[in-house]
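Hello,

Please find the structure below, followed by notes on what was found in it.

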Amino acid sequence: MIKKTAHWKSGAHVVLLVRFLLWISKVNGSSWQCTEERLVYSSDFVRSKTVLAGSHHLSYNLSDPVLIQHPCGEHFPGGIPPALYLGEKVFISLDRFESSLLPLAILHTLVTPPALVSDATFVQYSRVLLVINGKVYIYFYKWKSWLETEGIDRPITKITNTGCCYSTSDAACNEINNFVLAYDLGNTAEDSSIFYSEDGGYTFEEYFINTNPEGFLIAVYNFVSLAQIGMLYNQTGGNGNGSAYFTYAGTSYMNNRKGVFFSLRAYKNETVLSKMPPGMRGFIMLWTKHDLVFSFNNGLTLEPISVLPTEKYVNYSLPKYEKGVCNVAVTSNEVATITKNQKLFYGTLDIVSTKMVLIGEKNSSKSMTHCEVLMFDTTGMLTIFNPVPSNESGFYNFHKCTINLQDRLMHVRPHLQPCPVEILSGDFHNKMYYIDMKKKLHFNITFVPKPGTGAFPYVTVSNPHMLGFQAKLLQDGYTHDGNTKYRLQITALQQQFTGMAEPDFQDDLFHNRMSTLTVDIYNKGILCIDMHPLTALIAMDCPPTKHIRPFKNVTVCSKELLQEARLQHNFHYIIHRDVYDPVFLGRPHLEQEDLNVSYSYTQFGCPILWYYDNPWLPVLELWEDGKFVEYVSADFVLFEINGMHSYDYLLTASEAKCISQPQNWSRTFEIQPFPNPHTSWNRITYKNCKVSNDEGPLVSSSLKYQVLNLNEENRVIFSEYNGIYIFKVIVVDTIYSYCELSTIFSVYVLGALPKSHINPVSMLIGLLILILVSILMGYFFPKLLHLKAIKKMKSL
């Protein structure tokens, strides 16, 4: 029976009148043996039958329509994700096509008709990018407005991006969502034009390929979990039996690497189509009418999807050639496909063996002119639908056939393998986590197999170059039914520190990467529809809340040398012209004025109080999620942000036990064309002088060592200058954290005696003269007195 539902603007649902029954049967013409069949439309007939003035309807340039859904599915913020139907007409729906729609149109000022769409992709949560007549346009579906992108100067036909849906507010996820690739098909490697955008499609730049692969470009993908751009090439480039392969451009361990060759045959100028199942697990599916292939490792290996023979379909492979695959729908765990001879197949995605089974076929004597479109509503519920023009308005209604896959699978003969597991659960599913340098994550999974099945879980990671793991399966009691319950303990850690991988297999330490970690059941079978894999996204990156603070035990405020109220209200201080260099080169005696500095209490708080004659070492605190973690025991450097240079360091290079030439601020500035103390010396550019490095052997052992560490003896030595210093501290240790840890704080140094204005040389000479005069007077004055006394006696 066909249900007829209508949607008013208020959102209420009513049943259609019988006057549509005959019309629907003519439109539908046949049945897929639907669990539920209906026509949905909006019951408002006072509408225009034509497109808006000055606009052109969009149309898909391929014969078979496709459906593009927002990858976030049920995780779409705010509810139902948008979907785009590409066919003879183009429709965008915000309610899963549960109401009538006008065909999508674009202004004639942007596009000259016919407006042909060759590809589209959703970006973030407010817009869709469409390739129309070789150019990329942004459609803001919430505001129904168009914008042409910038930076692409050649015709392109395809566009793609990867959706990160584990966190809607995470900066790393947003960076992935904003990365878009646009390219043209069918060209050789040297003639291919590939463009990329890092701002969500507003502006593009050309992507230059360092490799020179053989063949013709079929597709380009952003394989996030490998930190690679994957390019798919067909060696033959023409029709017939072609061998395709992936090549990769990106990090060193994958650069110029080729995946395995596999069969991907296209006939009669057929376009190769593909879908990347959501979840960022490294899954990708490609198909033509002859081949449907699947990869679980970002295209490194691909295998054809096979079929389980049944009474109604005895073959082990899908129909081919003119009867072959024409439409595919995927979720993170399920796949369904319709073939040209009107057969519907269903399967679950599994890295061990991906198989499908015939669900049903359309009872129709008519040949299908074009494919119908598939859409997964929820797990195990599949809808086949197509647009139906209205006789009363310019709107289109949608005929829907919904199939309960679980019920249909139970009637397959011979019976399918039962699901071998009762429970597979873990609280980390569909969440995002961070692993900082040398840190670990711990997960617990509850697993209950059915008795006698021998089922067991397995763990996979999508980027083994970066993420390693250790797993242990322990018995953990029994269920209420008496079945054995197990606990799977997983420790995830960075591959560099597992000790399990060869050095050339590991990624470098300097760049952040992502990987998914998945727990699934080995060879669980198609009937495990509700027993979905457990997946978490793990970023080897800086946790967003991690930062450092200076430890302040004594401040000028606590000692009442300065009042907070005074520091808060337009407090200024003077830096003498002899103790600062505005370009941070430490040059003395510059012809310049004293520097008047405005103090920011909001930024620096009360200055740390320090006596100038004491060697000083800043103590840094590490904080995360508002909690103190530890005192930072890593190498760090500092500089005074106003260019003050009235301080030095306690140790020399030899005293610090350097075996290679140590870095310092002067040398760092010399080798950089545009030196900036805020960025010149960091964990990327840092070279530890206590190990051999490319800075060369130790040449000047008396050179001051300018790196500090809580566990080492080096200190800052202040000269006899009273005043406020504002230091920026930068942690440069390569293996302490992925974070760019830095902080700025103030130090008030006091205790130095005021400078005397008397010339010390003149004073010394005068003192010597005075001493000499005193000696002479002490020697000659008594003799003079004695002589005078003798003369007086003689006179008497």
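**Findings**

Pro114 lies in the loop between strand 8 (105-107) and strand 9 (115-123); helices (H or I, at least four residues) and strands (E, at least two) are DSSP runs, numbered from the N terminus. A cis peptide bond, with omega about 0°, joins Pro113 to Pro114. Another cis bond joins Arg413 and Pro414, with omega about -5°. Pro414 is in the loop between helix 3 (405-410) and strand 33 (421-425).

This is a predicted model: local features need pLDDT of at least 70 and side-chain atom pairs count only at pLDDT 80 or more, while totals for chains, interfaces and linings use all residues. Residues are numbered from 1 along each chain as its sequence is written, and side-chain values use heavy atoms, with hydrogens and water left out.

Most residues other than glycine have a negative phi, and most peptide bonds are trans. Ala227 has a positive phi of about 55° and lies in the loop between strand 17 and strand 18. Ala227 is partly exposed, with a relative accessible area of 27% (buried is under 20%, exposed over 50%, partly exposed in between; 1.4 Å probe, protein chains only). Asp625 also has a positive phi, near 55°, and is exposed at 55% relative accessible area. Its loop runs between strand 45 (620-624) and strand 46 (627-631).

Strands 17-18-19-20 form, in that order, an open sheet with antiparallel pairing (two strands pair if DSSP finds at least two bridges between them). Strand 17 (216-223) and strand 20 (262-263) are at the edges, each with a single partner strand, so one side of each has no neighbour in the sheet. Seven bridges join strand 17 to strand 18 (residues 228-234).

Regards
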